[in-house]
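Please read the following briefing alongside the sequence and the coordinates.

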Amino acid sequence: MARRHGRRPHESTVSASFTVHLCSRAGCPTMEKMLHSAPIQATLPDCFIFPADKRPPATAAALSLPIVDLSRSRDEVRRAILDAGKEIGFFQVVNHGVSKQAMQDMEDVCQEFFRLPPADKAGLYSEDTQKATRIYSSTMFETGGERYWRDCLRLACSFPAGDSAMDWPEKPRRLREVVERFTVQTRGMGMEILRLLCEGLGLRHNYLEGDISGGDVVLHVNHYPPCPDPSTTLGLPPHCDRNLLTLLLPSMVPGLEVAYKGDWIKVQPAPDAFVVNFGCQLEVVTNGLLKSIEHRVVTNLGVARTTVATFIMPTTDCLIGPAGEFLSEENPPCYRTLTFGEFKRIYSVVKLGSSLNLTTNLKNVQKEI
């Protein structure tokens, strides 16, 4: 798949002197709130510019995440996943069972979606965070006023198969077929990784099946248009994922950064790989043995970047707490037992200053309840 190397055919370049004006919301048509379809201006709007002490550093070290080959022996794969998870919290997987055709089709159809005329997408725009299918700009987290250089198409898919796809966009015409095929294969990969984790942690192999992984599979198709001044803004704020497991189909255009040993490191995507990271619920279940690690997205000057994040989620009323296998008199529970719905309501605010200083801590968040 040579098309996955370097710049893809549909990843456009633009002059760094152009961008959109989005700070003034009053009276603007719906799609003008979206970065990729708004009128262009010559400067970065003030609402995207962070104070100097909160801006991305000029340079960040590059790191090739550990690569786990899922075709190797089961014992070897279990060890590799646990080692990578404990060391960095992120890893990449290859020979993962998602076909190259499904990956390429997903990339292509998502880029096609963002190239559609604004009128074809206007009905999907919503700022209602409870809507399963919508497009929106910036982030779903409450950030205290900061805005982020990102547009997103959110889709949800129920398992076993339900009627959730009925709300998906009708254009491009092949979107529903492509997304359904991609989601089934990607969720299958995620469930296998969870089984391998259970075996490696000494849990019964299906401990992470059922309600804890039985919520809708949520997809975020993230689109980061070229940004005229990447040094003063971010595509996504530093955050930890609130779900169980995240599987990212990355662009070969870099942008993801991970907190590691007190600094930010740039992730170098491997061809035909998924980037995997643990969500907060895995940290809770393992009583902190596995960590949900902060990550963020930086922008770039001239190339659009599109990624697909697949979130394996608990059901809203699933009660989640540390597993008994990780508790003892010497190791008491470090986390409260909460329903996933309660957890999401509590853990919905990104504190930009503290996150940029790498001090966000799930244990501390729960203590503040």
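In which loop does Pro172 lie? Pro172 lies in the loop between β7 (151-157) and α3, where helices (H or I, at least four residues) and strands (E, at least two) are DSSP runs numbered from the N terminus. This is a predicted model, in which local features need pLDDT of at least 70 and side-chain atom pairs count only at pLDDT 80 or more, while totals for chains, interfaces and linings use all residues. Residues are numbered from 1 along each chain as its sequence is written, and side-chain values use heavy atoms, with hydrogens and water left out.

**Backbone geometry**
- Most residues other than glycine have a negative phi, and most peptide bonds are trans.
- Lys171 and Pro172 are joined by a cis peptide bond, with omega about -10°.
- Lys261, although not a glycine, has a positive phi of about 50°, and Lys261 is placed in the loop between β11 (256-260) and β12 (263-267).

**Packing of α2 with α3**
- α2 and helix α3 (residues 175-201) pack at an angle of about 135°, with their axes 9 Å apart; axes are lines fitted to C-alpha atoms, for helices over the stretch in contact, and angles run from 0 to 180 degrees between N-to-C directions.
- α2 and α3 are therefore oblique to each other, given that angles under 35 degrees count as roughly parallel, over 145 as roughly antiparallel, 65 to 115 as roughly perpendicular and the rest as oblique.
- The contact (heavy atoms within 4.5 Å) involves residues including Met106, Val109 and Phe113 of α2 and Val178, Phe182 and Gln185 of α3.
- By class, this contact of α2 with α3 holds eight nonpolar, one polar and two charged residues, where Ala, Val, Leu, Ile, Met, Phe, Trp, Tyr, Cys and Pro count as nonpolar, Asp, Glu, Lys and Arg as charged, and the others, Gly among them, as polar.

**Packing of α1 with α3**
- Helix α1 (residues 74-87) packs with α3 at an angle of about 90°, their axes being 9 Å apart, and that makes α1 roughly perpendicular to α3.
- Among the residues that meet are Arg74, Val77 and Ile81 in α1 and Glu192, Leu196 and Leu201 in α3.
- The residues of the contact of α1 with α3 divide into seven nonpolar, one polar and five charged.

**Lining of the largest cavity**
- α2 (100-115) and β15 (305-312) each supply at least two residues of the lining of the largest cavity, a cavity being a set of points on a 1 Å grid over the protein atoms alone where a 1.4 Å probe fits but cannot get out, and lining residues having an atom within 4 Å of a point.
- This lining divides into four nonpolar, four polar and two charged residues.
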